[in-house]
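Please read it with the sequence and the model side by side.

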Amino acid sequence: MSLLALQNLSVTIDGKPILRGIDLSVESGRTVALVGESGSGKSMTALSVMRLLPRNAAASGTITLSGIDLMHATERQMCTLRGGRVGMVFQEPMTALNPVKTIGEQIAEGIRIHLRSTFREAQDRAAGMLDRVGLPGMLHRYPHELSGGQRQRVDIAIACAAEPELLIADEPTSALDVVIQKQILDLLQNLASERGMGLLLISHDLAVVADRADEIVVLKDGAVVEHGKTIDTLRTPAHPYTLELTRASSRLPARPRRHEAALSPLLETRNLTRDYVERRTSWLTPRQPFRAVDSASLSIEPGQSVALVGRSGCGKSTLARMILGLDRPTSGEILFEGKPLHLEDRQGLNEARRAMQVVFQDPYGSFDPRQTVEKLVAEPLHLLPQRLGKAERHERVAEALAQVGLSAESLSRYPHEFSGGQRQRLAIARAIILRPKLIIADEPVSALDVSIRARILELFADLNARLGVAYLFITHDLQVARAVADEVLVMDNGHIVERGPPSNVFDRPQTEPAKALVAATPDLGRTLAQHSAI
């Protein structure tokens, strides 16, 4: 008997079909991957198993866990199963964590409830779980004090703390650097092996799936279009959609011919350093200084694309915040078009920000859900020295939307009416509406599925070729860095430790941090070739 079995599962929301006759099973100690594009029904399948569907949803079919009929279980029974026999890792950890409780308290809570442990036993077990996910000594930290990757590891620790029989992992490593991603996936597989735990892995990364999953289930428009052994399915897909996904995983955008070196850089940082003082864990311990960025120097020429790669917490985002004027350096210089940006007054910063824009990792989180697309995309226009009339603003917004492949019909719509890839296009439109010379993109495609990611990367390359926009890409995805960058900078512990063309850094890394990133990066072609050789 399967640990988890779904038979003819169908879900509708307000009468609209979302899932259509889903059949899949997960055996104890086995990993089944659920893949497909955004909106294909992957997360809705996971929510159906957890009985966390929206109020206006209706489900039919059968879901059984070790013979227990989950479709007819009471809410009291489901509360016992959730977090106890079934754990779930959500894609966005910040929304899954309580901001007013320490991470130690949040991990210990489930342990006390499901394992009937004492307070001390639960705290000790929570500390042990934090050690296992690579966060030793952080028992008393709060979620806002951690990076996105660290919060994701806390979410995994919470899900695994009560030793569940089944773990549902919904994009569990999308916010993690490749080294931590490998450690977390190793941890999940070790737990599955040690405890006979079944793992339902939801992912858009086919390289991860090929390396980790025993079976693969491909979803499209809420229906299973292909199901089989992972390597066999990815090597010789039977359905055109699966073939399209495998091709999109390895597709790189055509890069424009490299421009000639400029006489002076557009952006330059010189020995940039940022120190923070850590929060006291008690009144008896002194406040310890922490250096997030240490003597970081870089330069970006007009029209050049530079990728800044490194592990979570290495200082990439802190460096970007200082360049954007959102944080002041402890020491060092920032020069934009030859002017010392870190010394500018408010007027000087506004002038620089007209020529420097940003695209965030989560566009939905950076949009006001109550405003229309026209207002959201037009937001940076307040930086212009002269106020534009209504007609001119409308024209500028429509032009920006056209440049990212969206029609003017989108102007009156709201962010929730768009897919993840479309929202990222809106974020790019907002960034280019001022016709900037530099765009800083902080993990702009990490949350997107493979086909949408390929299209967004092609859009960045196209804007670079047509508009001459320079980029600073902050990413932990080496494939993205290889696709978009003229030069790659590797950051580790606040230092830039290696730099050079992507082919040099990734094919012949010289430093240990760069070697670790390359070694930990999953590669679909390499995995399939290795299995072919066996």
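Which residues do ring pairs link into a cluster? The cluster consists of F460, Y471 and F473. The model is a predicted one, and the values below are computed from it.

## Aromatic pairs

Three aromatic pairs are present in the structure. One of them is formed by F460 and F473, whose rings are edge-to-face, with centres 5.0 Å apart and planes at 85°. The angle counts as edge-to-face because it is over 60 degrees. F460 belongs to helix 16, while F473 belongs to strand 18 (residues 470-475), so this pair ties together parts that are 13 residues apart in sequence. F460 and F473 are both buried.

F473 also pairs with Y471, and here the arrangement is tilted: 5.1 Å centre to centre, with 50° between the planes. The relative accessible area of Y471 is 1%, so Y471 is buried. For F473 the value is 0%, and F473 is therefore buried.

## Salt bridges

Side chains of opposite charge can pair when their charged atoms come close. How many salt bridges does the count come to? The total is 23 salt bridges. The table gives some of them.

| E75 | R82 | 2.9 Å |

In the salt bridge of E75 with R82, the two partners fall into separate accessibility classes. E75 has a relative accessible area of 42% and is partly exposed. R82 has 14% relative accessibility and counts as buried, because the cut-off for buried is under 20%.

E333 counts as partly exposed at 33% relative accessibility. R270 is also partly exposed, at 36%.

R435 has 51% and is exposed, since exposed means over 50%.

Salt bridges with shared partners also join K182, D186, D211 and R212 into one network.

## Positive phi angles

E163 is not a glycine, yet its phi is positive, at about 55°. The residue sits in the loop between helix 6 (148-160) and strand 7 (166-170). E163 is partly exposed, with 41% relative accessible area.

N271 is another residue other than glycine with a positive phi, near 50°. Is N271 buried or partly exposed? At 47% relative accessibility, N271 counts as partly exposed.

## The loop residue S117

S117 is found in the loop between helix 4 (103-115) and helix 5 (119-132). Its relative accessibility is 18%, so S117 counts as buried.

## The second largest pocket

Rolling a probe the size of a water molecule over the atoms shows where empty space is left. The second largest pocket has a volume of about 770 Å³. Its lining consists of 41 residues, and those nearest the centre are D477, Q479, T521, P522 and D523.

Which elements give two or more residues to the lining of this pocket? They are helix 7 (178-195), helix 8 (206-212), helix 10 (240-250), helix 16 (450-467), helix 17 (478-484) and helix 20 (524-533). Helix 17 gives the largest share, four residues. Helix 16, which contributes to this lining, also carries F460 of the edge-to-face pair.

By residue type, the lining of the second largest pocket divides into 19 nonpolar, 14 polar and eight charged residues. D477 and D523, two of the residues nearest the centre of this pocket, are of the charged type, because Asp counts as charged.

Notes: Residues are numbered from 1 along each chain as its sequence is written. This is a predicted model: local features need pLDDT of at least 70, side-chain atom pairs count only at pLDDT 80 or more; totals for chains, interfaces and linings use all residues. Side-chain values use heavy atoms; hydrogens and water are left out. A salt bridge is a side-chain nitrogen of Lys or Arg within 4 Å of a carboxyl oxygen of Asp or Glu. Buried means under 20% relative accessible area, exposed over 50%, partly exposed in between (1.4 Å probe, protein chains only). On a 1 Å grid over the protein atoms alone, a cavity is a set of points where a 1.4 Å probe fits but cannot get out, and a pocket is an open set with protein on both sides within 12 Å along at least five of seven lines; lining residues have an atom within 4 Å of a point. Grid points are joined across faces, edges and corners, and a volume is the space filled by probe spheres set on the points. Rings of Phe, Tyr and Trp (its six-membered ring) pair if their centres lie within 6.5 Å; planes under 30 degrees apart count as stacked, over 60 as edge-to-face and the rest as tilted.
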